[in-house]
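Dear colleague,

I am handing over the structure that I have been looking through, and my notes on it follow below. Please read them with the model open beside you.

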Amino acid sequence: MELIELKTNIRATTGNGPARRLRQEGQIPAVLYGPRTEPALLSVNISDLDLVLKKERVGQILLNLVIRHNEETSTRTVMVKELQTHPVSRNFLHIDFYEVTMDRKIVVNVPVITTGKSKGVEIGGILQIIRRELEVQCLPLDVPKSIEVDITDLNIGDSVHVGDIPRQNEVEFLDDENFTVITIVIPKIEEEEEPVEEEEEEGEADIAEEGEEKPESDDEK
């Protein structure tokens, strides 16, 4: 995983009012923290952040955070811990940066993707991805972009569990080995609906028959 540079500035104000003014100026409030880091209040340019997020998923971005304060600058290696967005507009509201140490393992969620075409799918089975992300532990630079699972040999009824997935480098899976990640299932057979129109026609025929005049018998004449 590559380090992506992102420039930030130290901010001195807090609260809803200053945060609103920051957003109007094209910035969003941010905070930096970590086990060995004093919390720092920052501001980030929204356009710069948007460009970074187009390169990597939020939970997998490894940043070289450049912190500017007056004429001085410092750098920290961080990951995005949380990114808050507006529920309607989806505009960025606030971001949390977590400082990491390159020689200490971190825990992240990595997406699961499939490769190949399953034998079971080719004969009508349905591919179900039960878990689209897996929790892994590894060094920051070893975080994989995705966990690939080859489904070529999977037939209907077959499954792939966490323990079946080959390990990549020093990546450790934290989910239970027996947890089902992918399975090929039998398609549901839809019950045939009864022909409603024919029933209605039959019903109308019965009514018509009931409405017909019966011929008079000899006794009625």
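How much accessible surface does the protein have, and what percentage of it belongs to carbon and sulfur atoms? The accessible surface comes to about 14,900 Å², and 45% of that belongs to carbon and sulfur atoms; the areas come from the Shrake-Rupley method with a 1.4 Å probe, and for residues only the protein chains shown count as cover.

Before the details, please keep in mind that this is a predicted model, in which local features need pLDDT of at least 70 and side-chain atom pairs count only at pLDDT 80 or more, while totals for chains, interfaces and linings use all residues. Residues are numbered from 1 along each chain as its sequence is written, and side-chain values use heavy atoms, with hydrogens and water left out.

**Overall make-up**

The protein has four helices and 13 strands, where helices (H or I, at least four residues) and strands (E, at least two) are DSSP runs numbered from the N terminus. Of its 221 residues, 31% count as buried, a term that means under 20% relative accessible area, with exposed meaning over 50% and partly exposed the range in between (1.4 Å probe, protein chains only). Among the contacts with a separation of 6 or more, 65% are between residues 24 or more positions apart, contact meaning heavy atoms within 4.5 Å.

**The nonpolar cores**

In soluble globular proteins, nonpolar side chains tend to be buried together. A nonpolar core is here a set of buried Ala, Val, Leu, Ile, Met, Phe, Trp, Tyr and Cys residues joined through side-chain atoms within 4.5 Å. The largest such core has 23 residues, of which L134, I165 and I182 touch the most other members. Two or more of its residues come from each of β7 (106-115), β9 (133-138), β10 (147-150) and β13 (180-185), and the largest share, four residues, is that of β7. Setting aside residues up to four places away in sequence, I165 touches L134, I147, V149, V160, F173 and V181. There is also a second, separate core of 20 residues, which includes I4, A30, L32 and I95.

**The largest pocket**

The largest pocket has a volume of about 390 Å³. On a 1 Å grid over the protein atoms alone, a pocket is an open set of points where a 1.4 Å probe fits, with protein on both sides within 12 Å along at least five of seven lines, and lining residues have an atom within 4 Å of a point. Grid points are joined across faces, edges and corners, and the volume is the space filled by probe spheres set on the points. Of the 17 lining residues, M79, K81, Y98, I106 and V107 are the closest to the centre of the pocket. The elements that give two or more residues to the lining are β5 (72-85), β6 (92-99) and β7, and the largest share, four residues, comes from β7. By class, the lining has eight nonpolar, three polar and six charged residues, with Ala, Val, Leu, Ile, Met, Phe, Trp, Tyr, Cys and Pro counted as nonpolar, Asp, Glu, Lys and Arg as charged, and the others, Gly among them, as polar.

**Individual residues**

I184 is found in strand β13 and counts as buried because its relative accessible area is 1%. The C-alpha atoms of I184 and N155 are separated by 6.6 Å, although the two residues are 29 apart along the chain. Beyond its neighbours within four places in sequence, I184 is in contact with several residues, including S118, V121, L127, L154 and I156.

F179 is found in the loop between β12 (172-173) and β13, and its relative accessible area of 31% makes it partly exposed. Its C-alpha lies 5.3 Å from that of H161, 18 residues away in sequence.

K105 has its place in the loop between β6 and β7 and, at 44% relative accessibility, counts as partly exposed. Not counting residues up to four places away in sequence, K105 touches Q137, C138, L139 and E170.

N70 is in the loop between β4 (62-69) and β5 and is exposed at 70% relative accessibility, while R90 is in the loop between β5 and β6 and is exposed at 53%.

With best regards
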